[in-house]
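Please look over the sequence and the model below before reading on. The briefing that follows goes through salt bridges, the ligand site, a sheet and a few single residues.

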Amino acid sequence: MNTDVTWFKNAVFYEAHIRSFCDSNGDGKGDLPGLTSKLDYLQELGIDCLWLLPMFPSPLNDDGYDIADYHNIHPDYGTVEDFKTLISEAHARGIRVIADLVLNHTSDQHPWFVESRKSKDNPYRDYYVWSPTDQKYKDARIIFVDTERSNWTLDETTGEYYWHRFYASQPDLNYDNPVVADTMIDVLKYWMDMGIDGFRADAVPYLFEREGTNCENLPETHAYLQRVRRVLDEDYPGAILLGEANQWPWDLRPYFGGDENDPTVPGNEFHMAFHFPVMPRIFKALKLGDATDVLDIMSKTPSIPENCQWCVFLRNHDELTLEMVTTEDRQLMWNLYAPDEQMKLNLGIRRRLAPLLDNDRRKIELANSILFTLPGAPIIYYGDEIGMGDNISLFDRNGVRTPMQWNAEPGAGFSTAKPWAPVIDNNEYGYQKINVAAQQADPRSLWHLMKHFIATRKANPVLGWGSCEFLSPGNNAVLAYLRQTGDAALLAVHNLTDRPQPARFNLPDFAGVTPTDVLTGQEFSPLDSSAALTLQPYQYLWLRLK
Ligand code: GLC
């Protein structure tokens with residue numbers, strides 16, 4: 001394992017749902033030993049870091065994001081020993097592992113809340129946010145709009161309301177209570193001491209509440225997160241915090257800390273944050289054949305400290321969120337990508353990548369090419385490397401969390417028992433057709449291409465470290481940007497349409513250079529001070545200029 005503390009700058013991440021990855025003991029639910037048995041697969045694919053969805057004891061009202069015990073493993077998944085084995089086996093293969101850290105809330109089954117709700121003078125009362133009325137913090141939005149009517153729920157026992165930003169079964173912890181603030185740092189240390197490489201920090205904007213604000217991104221929240229960061233820096237150098245803050249770029253910037261005017265000042269909050277706003281704009285650009293919105297949001301994305309990195313993604317375990325678009329664009333995206341009512345959830349779309357892109361290999365490749373070349377470290381959602389389908393008839397977000405399709409055997413190689421959720425079994429995306437074994441055997445498969453994207457990305461550190469200049473190719477249908485470090489330059493070019501498109505570039509600094517596509521090795525004719533080319537439908541190029 002390399003010990004470089006900036007390892008994440010050019011890393012490729014992979015998000016896995018333990019419940020759906022591989023079942024080792026034939027109970028129909030994926031588990032830690034199952035995941036461990038698939039580490040060779042992940043190593044072969046070439047990923048650097050695995051992000052595990054929550055693995056703690058939980059009633060699973062929110063698929064594990066409702067934690068009932070921060071110090072154990074969900075019995076479906078195995079034991080703490082199994083977890084340690086996963087970590088050491090991953091490290092032996094050069095793969096880092098980050099876990100989900102759910103700071104904002106617990107399950108209502110957590111012993112703290114069970115106590116807290118008993119009486120107003122219970123010693124745990126102040127672990128949560130209670131109020132005699134539901135009229136406080138009126139400016140805080142509701143996140144799960146499909147199911148929750150209020151962020152307050154009345155608890156009969158004491159006749160008071162408790163605060164929750166997500167499901168009512170997920171009461172928010174009270175970070176104004178110093179005992180809570182300290183205790184959650186102990187939770188972090190507990191898992192760090194087991195050897196993990198950091199955390200994906202869940203739902204961080206909502207830690208504190210203040211009257212007269214929208215209760216998001218408050219200064220108190222940043223101060224606490226900086227404290228969390230200090231613990232990591234002091235005791236666990238090289239470990240990272242990847243923040244989940246579904247916010248506009250200018251509200252995301254403070255999560256990196258440092259100095260907004262000087263990127264050489266090191267960040268002191270999150271090492272990484274998901275770039276939420278660019279994601280839906282990639283889908284919009286692909287559908288409309290127009291790069292404008294991607295360019296617009298990237299131009300509004302502030303620079304971040306040099307020791308920090310964005311994390312870019314196309315899909316994850318949640319709905320494709322449309323929180324960071326205008327009301328009109330949300331409607332447009334629903335019209336374009338959620339023709340069936342059942343595809344909508346909250347302010348998003350609960351579909352997987354391949355179905356969103358009409359299972360059109362050209363579009364899937366193009367979207368991934370953008371993912372792998374934009375500023376930031378890319379993250380792949382399990383199953384998207386083989387173009388898995390979804391099942392919108394399943395509850396909540398389960399339709400995008402179905403069992404991994406390993407082979408064409410019954411149970412898809414995921415389990416010998418009846419899986420916890422049905423394996424995708426239809427003509428287009430069924431496990432008989434879409435599975436790892438079949439794609440590994442076919443050199444032209446999406447899986448092989450994804451492996452090639454990963455390897456090529458890692459062989460070109462300019463994609464992790466380089467600056468990014470968006471170019472004007474004289475044609476909105478073409479998305480093009482120049483990534484540069486002192487000694488390398490790579491021009492990424494994407495035709496967003498199904499028609500040939502001309503593009504023209506002014507690149508006086510590179511006159512005389514022979515561009516080579518690092519994906520195919522194809523050489524182009526030497527550049528003049530300007531260059532013109534015609535891109536084939538959905539064509540993408542990663543042109544090395546230096
Ligand atoms: C995050 C998770 C999501 C979960 C929510 C509440 O947004 O990604 O799955 O429901 O937090 O914990």
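**Salt bridges, ligand site and selected residues**

The side chains of Lys118 and Glu115 meet in a salt bridge, with N and O 2.8 Å apart; a salt bridge here is a side-chain nitrogen of Lys or Arg within 4 Å of a carboxyl oxygen of Asp or Glu. This is a predicted model, in which local features need pLDDT of at least 70 and side-chain atom pairs count only at pLDDT 80 or more, while totals for chains, interfaces and linings use all residues. Residues are numbered from 1 along each chain as its sequence is written, and side-chain values use heavy atoms, with hydrogens and water left out.

**Salt bridges**

- The side chains of Arg401 and Asp318 meet in a salt bridge with an N to O distance of 3.2 Å.
- Arg401 lies in the loop between strand S14 (377-381) and helix H14 (436-441), and Asp318 in the loop between strand S10 (309-313) and strand S11 (320-321), so the pair ties together parts that are 83 residues apart in sequence; helices (H or I, at least four residues) and strands (E, at least two) are DSSP runs, numbered from the N terminus.
- Arg401 is buried, with a relative accessible area of 2%, and Asp318 counts as buried at 14% relative accessibility.
- Glu365 forms a salt bridge with Arg361, the closest N and O atoms being 2.7 Å apart.
- Both Glu365 and Arg361 lie in helix H13 (residues 361-373), where they are four residues apart, about one turn of the helix.
- Glu365 counts as buried at 16% relative accessibility, whereas Arg361 is partly exposed, with a relative accessible area of 33%.
- Salt bridges that share partners join Asp62, Asp63, Asp318, Asp396, Arg397 and Arg401 into one network.

**Ligand site**

- The ligand is surrounded by 13 residues, of which the closest are Asp62, His105, Asp202, Glu244 and Asp318; a residue is near a molecule if one of its heavy atoms lies within 4 Å of it.
- An oxygen atom of the ligand is 2.6 Å from an N or O atom in the side chain of Asp62.
- For His105, an N or O atom of the side chain is 2.8 Å from an oxygen atom of the ligand, and for Glu244 the corresponding distance from a side-chain N or O atom to a ligand oxygen is 2.8 Å.
- Taken alone the ligand exposes 310 Å², and the protein buries 95% of that; accessible areas come from the Shrake-Rupley method with a 1.4 Å probe, and for residues only the protein chains shown count as cover.

**Sheet**

- Five strands form an open sheet in the order S15-S16-S17-S21-S19, with antiparallel pairing; two strands pair if DSSP finds at least two bridges between them.
- The edge strands are strand S15 (467-470) and strand S19 (516-517), each of which pairs on one side only.
- Strand S17 (residues 488-495) and strand S21 (residues 540-544) pair in the antiparallel sense over five bridges, and His494 stands opposite Tyr540 in S21.

**Single residues**

- Ser20 is found in helix H1 (residues 18-21) and counts as buried at 0% relative accessibility.
- Not counting residues up to four places away in sequence, Ser20 touches Tyr382, Arg401, Thr402, Pro403, Met404, Phe414 and Trp420, where contact means heavy atoms within 4.5 Å.
- Leu345 lies in strand S12 (residues 344-345) and is buried, with a relative accessible area of 11%.
- With residues up to four places away in sequence again left out, Leu345 touches Asp146, Glu319, Arg350, Asp396 and Arg397.
- Asp329 has its place in helix H11 (residues 327-337) and counts as buried at 17% relative accessibility.
- Leaving aside neighbours within four places in sequence, Asp329 is in contact with Lys284 and Asp293, and the C-alpha atoms of Asp329 and Arg281, 48 residues apart along the chain, are separated by 9.5 Å.

Conventions: Buried < 20%, exposed > 50% of the residue type's maximum accessible area, 1.4 Å probe, protein only. Polar contact = N/O pair within 3.5 Å; in protein donor to acceptor, adjacent residues only side chain to side chain.
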